[in-house]
Structures are given as C-alpha cells and as structure tokens.
Amino acid sequence: MNGSKDVQLEGYGDENLDRSLQGPLSLLFVCSALWLVVSSLLGAVAFWQLKFPGLIDFKAGIQTPYVGWFFDFIHQALNYGRAVAATKSVMIYGWLLQGFLGVAIWLTGRLTKKMICKTGNYFLLGAIALWNIGVLVGLMGVFSGEASGFSGFDFPKYAAAILFTAYAFIGLGMGMRFAKKSCSVPTPSEWYLIGAIFWFPWFFGVAYYFVFCKVVFGVMPALVHAWYIGGLEVLVLGSLAISILYYLVPSILGLALNRVHSAKSAFWFFAFLGAWSGVRHLVGGPLPAWMISSSVVAGVLLLIPGTIIANNQMVPLWSNWCKVKSTPVLWYLATGGVSLLVWISLEAMMSLRGVSAALRFSYFEMGVSAVFEYAFLSMVLFGSIYAILPTLTGKELPCCVKCCSKCQFWWGFCGVITFFTGTFFAGTFMGLGINFAPMAFVATTNLASPFFWLSVAGGIMVLLANLIFVKNVVATVLSACCESNKEGCCS
Amino acid sequence: MNGYGRLFVGILFAFVFSWAALILVPLNQVGNLMPLEDQTSGDLNPPALSGLAKRGSQVYAANGCASCHTQQVRSESGGSDIARQWGARQTVARDYLYHSNPNLGSMRLGPDLANLGVERPDLNVNAGPKKKYDAAGLHQLFYAPRSIKGSSHPSYSFLYEKREIKGANAEVSLILPVGFETEEGKEVVPSEDAKALVAYLLSLNRMYALPEAPVKP
C-alpha cells in the first residue's frame, strides 16, 4: 500500500477550513478545560477525605437553620464515594472525551478537506452545548445520589441519554464528511479516527442497554461494564489519541510517515485485541475463567501493536531531537507516545494472577489510571490543543501562553510521575499487607501512609498544571475574540 | 468497495467479534443460571433478595461504596481473601443472580463485604473472636463512625434524621454510645434509604455451597 504519500501534509495550511471551526471548537476547548479543573478539584476533595474522614461532615458542628441545608448538601454530594464517581466521570466525559471529540472534528476537517456549512456549524455548536449540559446534568445526578455505581459509567440514565444524543449529531457530522470522501486510500490517522467515531456509539449503546434497561441481572451488567470500559479506554480514547499523534507528529516535523506497513497491521491488532481486553479488569472475579484468561492474553498481546505505534511516533521524534527540544507541543506528544506503551505494560502486568493478588484493588489502581488518563491521554490532548488553537484563530499563540505552556508541562510531567510513584509504593505496601492474612486489616492502611503523602504532592502539582492550562486556553480564545472585534468582524 | 468501505467493514467486524464472544455467548451461559436446591435443607441457593434489600443495593451503588469495598471473594490462588475469612469459598456468577448491580467493586480501602451478613473477623485484631453485625451496629457505623474504635469510615449521617422526640422514642431510633449522644429531647432515626442499605448489607451471605464452588471443610 502506498500510504506514505497520503500522509504528506501541508503543515498548518488550510486556513479557511480551520477558521470555519473557530466558534464551535473554541467553545468546546474552553468547556473541556474547565471540566478538567472541576475534575481535579473533585479529586482533591475526595483524596483529602481519605486522611480526614470528617472533612466535610459538618452535621456535628453546624446546626444553623438557614445554612444547615447547604452544608448538608455538601456532605451528601461530596462524600468520598460520590466525589470519586464524579471525578472519574467528569474526567472522562467532560475533559477527555469532549476534548478528543474537538480534536477529531478538527482532524476530520483536515483529512476530508470539507468545510462545514453555516447550518452545520450551528448544529455543531448546539451539539457541543448539549454535550456539556449532559455532563452537568450527570454531575448533578451523581451529587444527588443517582449514580449507577459502575465506575466510569456513573452518570444516571437521563444524562447518558443526553450525551448519546449530543454525540449522535457530532458523530454523524464527522461520518458524513468521511462518507463523501470519494477516492484514495485511508491514512493511519484516518483508520484510528474512523474507528473511534463508530466504536464509541456501539460500545456506549450496548453498555446503556445492559446497565440501565435492567434486562438481565447478576454478573452480566458488571461484565458489560468492564467490556465497555475496555472499549472506551483502548478503542475510543486510545484510538483518538493515536490518530492525532499520527497526524501531528509528522506534520509538525514536516515528514511523511514511513513505517506504514507495520502501522497497518498494528492497527488491526490493536482493534481486535483492544475490543477483547476490557474483561481483564475482572481478573479473579466471579466469571467463567475462559473469558478472563482470553482477555488477559489479549491485553498482553496489545504490547505488540502498542510498541509499533509508540515506535512510529518516537523514531521521527528521536531523530529530530533539536526540533523537539524547541517545540513544547512536541514535548507533550512525545510524553503521550511513551506513556501509551507504559500504560499497556502496566495493565498487562496488573492482569497477571500473581501481581493482581496483591496490587489489584490497591492504591496502585489509581496510579495506573493516572498514567492512562494523564500521562497518555491528557498529555496528547494538551499538545493537540496547543497545536490546534493557533490554526483556529489564524494567529500564533500569545507569548505568555507559550511561556506558560512550558511551565505547565513540567508541573504536569513531574506531578504525574510523583503521583504514580506515591501510589505505586502505597499500593504495593498496602496490597502486600492485605495479602498477608495474619495482619489486622486496619493496620494495613498505616503501611501506605507515608507514600500517600507523596501522591498528594503529585496531585497538587497536577492541579497546578491544570489551572495553568485552563488559563492558557481562555486567554488564547479571549485574545482572538478581542482582536476580531477590533477588526469589526466577530465571526 | 474502496479503501474506506473495507476499513468500515473491518471496524465493524472487530466490534461484532468481541461483542458476540464476550457478551452474547456469556449471556447464554451466565444469563440463564438458576438457583439450586440444597440437598439437605431444601433451601434455594442463592436466596432471593427482599424488595428492601434491592433498594439498598441502589443506595450502596449511588453512594460509591464500591470505590472502597469489593464484593467478590477470590480463590485461594488469587489472593488472601479466604485466608482473611472474607468468605468460605470463591464467589461465582450464580451468587449474584438476583442483583441488578453486583457491586463487585474496584478498590479495597475497606474490607470485602461479600459475606457481611455472617460472622466475620474483627478488623482491629484479625484473629480472636468473630463478630456479627446487626442493624444497630451498622447504623452506628454509618451515622457516627468516630464512635467506633479505630474506625476511619466516612460518615453517612445525611441518611439519618435528627428530630424532636414526640411521645415515646421511635423504636428505630439509634442508640449512640456515651460521648456521641444527641441533645436532650432529640432522637436520630434512619431514613428509608438507610434502612434499605442496612437490610441489603445484612442479606449478603454467600457461605452456602454450590456445585461449581464447593466449600472446603
């Protein structure tokens, strides 16, 4: 296949095309950045309660009739269990999925070279607004005690329905533009992008049916949930991140992707193994053994496509190290590329019986999801958004934003490593303690304590990075708005 | 069919393949499980859940108890769950037959609760006499966790109502230990949700033997 020619990109060319998306995508990126901060704050509230379990239990102290209900609501809404559910869901649906959908919309424009008409743009704006309403409604649902209890799919039924409807508009729009694309061979970027566009509604639909429609009882809903989370993580979010990596890395470096043959087999491996790998999260659980073992095997084999994909990104980056050093966007993308492989290895390790006996259900789980959600997905998303924003506004990023983006990178990078190290040791010690039956259960918590504070430190750094990010996005969008107002053509 | 058509078919196939194998096949395998009759006692295992307990399972899910507690006992080779006396045997699919959400859980910051309804080891000493929870003990844990020695449990006091005593104390009002009592003339009563949650927790019992998961003597 002669895909290598297709990947040649004109750098940041297509001005009109990109700029036609300015309105919807600015809204989308600002909203998703805000959700990122909301999620990290919720995470902080949850985490502190592990050390100070009475943190928000005001009931004992405050009995004032007028403000009493407010504190009561805070206690209800933000107690550890609900706060964790809210953190996770806002992280996934508010920040990651929304952010990557924005990237996907932009990428669809680039790859199909098709403008969205004015009505299409209004539809898109509406769909983005609806998506955010869905996230907000879902968050309120979790706060008020209507969460489904399936981690990562916590939003109540009505919120999930809103999200699905909003996605239908966005997904159809993207799908239609690809359908109109007549000739030529799809590029690596398109494989993953088109895959994710279709996989998301399919996985989501099946999960919705089994979790909310209560058609079957027993372990089936839990099985479907694990399968859905696997699909969402690998095939939807993972694919979208890989898709933008395959586009941005060569185009920023001004190269063509040369390893297209192995890339193609990597994609199909990735698709089939990824769709199969979700159930490994239930290792040791009450399910037929063949399902879990085959899923564990799929997860381990995922290392093959993972290595090829990471290699496809890292080889050109490595050989253009000078350019990488001077381009912060590439720092983010490179970190993401490496973290993809790290995450696949960690997950594969966790699903092995010996390891899972101690580490499964421990703090280490949090560390692994931080690698996935932050070091891999968020890093790629930060980089992509910093790369995309100037193409929307048609201006370079403001100086202060450029500067702060470097600063954000280091806070985020060091933060996630610190957090991971903390949870690794906390999880290992606590997990080994629990696995050592003669030890009293309550005593195992103390084993984790010192390292717990290390992860708190990491969490604070990450929060700081996220605050810088939201400031950067808002500043860029606002400065573009002001300038176009001055010119008298606010488009 | 051009390259995009082939791509779409492949994408569809990857999905359908995993859906058929991991959802459709198990649906016929575990979706059709039935309770079994115990040869000696004639009881059906697992026992059906009461309506109140079903509601309690939703309260459990909505409050994210599963972010700290699991409800799955792993086999002896899969961890120390049985050695910790969290159960007598591995839990299997049939154990969850009547649960709309099995609440398998994702973290163990607290102990496993798959068999909370039966005698269990003390968390502070592990060895030594076992204890069995009753409704009053659980209500105390959720309303005033700090009144229990060594507990760092989150409080769920919002599931309870503090109100003036009118007439005699309601029979369901909480008995709180010294130092944690409510003011004179007031009593604490559990809401419907709290009652449901406790009924659910006390119903958790997977100690019976099943052919696919025998209890080792």
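A: On a 1 Å grid over the protein atoms alone, a cavity is a set of points where a 1.4 Å probe fits but cannot get out, a pocket is an open set with protein on both sides within 12 Å along at least five of seven lines, and lining residues have an atom within 4 Å of a point. This is a predicted model, where local features need pLDDT of at least 70 and side-chain atom pairs count only at pLDDT 80 or more, while totals for chains, interfaces and linings use all residues. Residues are numbered from 1 along each chain as its sequence is written, chains are lettered from A and ligands numbered from 1 in the order in which they are written, and side-chain values use heavy atoms, with hydrogens and water left out.

Q: Which residues line the second largest cavity?

A: Rolling a probe the size of a water molecule over the atoms shows where empty space is left. Here the lining consists of A:Ser89, A:Tyr93, A:Gly152, A:Phe153, A:Asp154, A:Phe155, A:Ala160, A:Leu163, A:Phe204 and A:Phe212. Two or more of these residues come from each of H5, helix H7 (157–180) and helix H8 (188–212) of chain A; helices (H or I, at least four residues) and strands (E, at least two) are DSSP runs, numbered from the N terminus. The volume of the second largest cavity is about 40 Å³, a volume being the space filled by probe spheres set on points joined across faces, edges and corners.

Q: How does the lining of the second largest cavity divide by class?

A: There are 7 nonpolar, 2 polar and 1 charged residues in this lining. Ala, Val, Leu, Ile, Met, Phe, Trp, Tyr, Cys and Pro count as nonpolar, Asp, Glu, Lys and Arg as charged, and the others, Gly among them, as polar.

Q: How many cavities of 30 Å³ or more does the whole structure have, and what lines the largest cavity?

A: The search finds 5 cavities of that size. The largest cavity holds about 60 Å³ of space. Residues from both chains line the largest cavity: A:Ala357, A:Ala358, A:Arg360, A:Phe361, A:Ser362, A:Gly431, A:Ile434, B:Arg74 and B:Arg108. Helix H15 (353–359) and helix H17 (399–435) of chain A each give two or more residues to the lining of the largest cavity. By class, that lining has 4 nonpolar, 2 polar and 3 charged residues.

Q: What is the backbone like at A:Phe361?

A: A:Phe361 has a phi near 75 degrees, a positive value in a residue other than glycine. A:Phe361 sits in the loop between H15 and helix H16 (364–393) of chain A.

Q: Which peptide bond is cis, and where is B:Pro46 found?

A: The bond from B:Asn45 to B:Pro46 is cis, with omega near -5 degrees. B:Pro46 lies in the loop between strand E2 (44–45) and H2 of chain B.

Q: What is in the second largest pocket?

A: About 1000 Å³ of space lies in the second largest pocket. Its lining has 45 residues, and those closest to the centre are B:Gly110, B:Pro111, B:Ser151, B:Ser152 and B:His153. Among the elements that give two or more residues to this lining are helix H5 (80–112) of chain A and helix H4 (192–202) of chain B. The lining of the second largest pocket divides into 25 nonpolar, 14 polar and 6 charged residues.

Q: What area is buried between chain B and chain A?

A: The size of an interface is often given as the accessible area lost when the parts come together. Between chain B and chain A about 6500 Å² is buried, with 68% from carbon and sulfur atoms; this is accessible area (1.4 Å probe), summed over both parts. Chain B gives 73 residues to the contact and chain A gives 83, where contact means heavy atoms within 4.5 Å.

Terms used: Buried area = accessible area lost by both parts, 1.4 Å probe.
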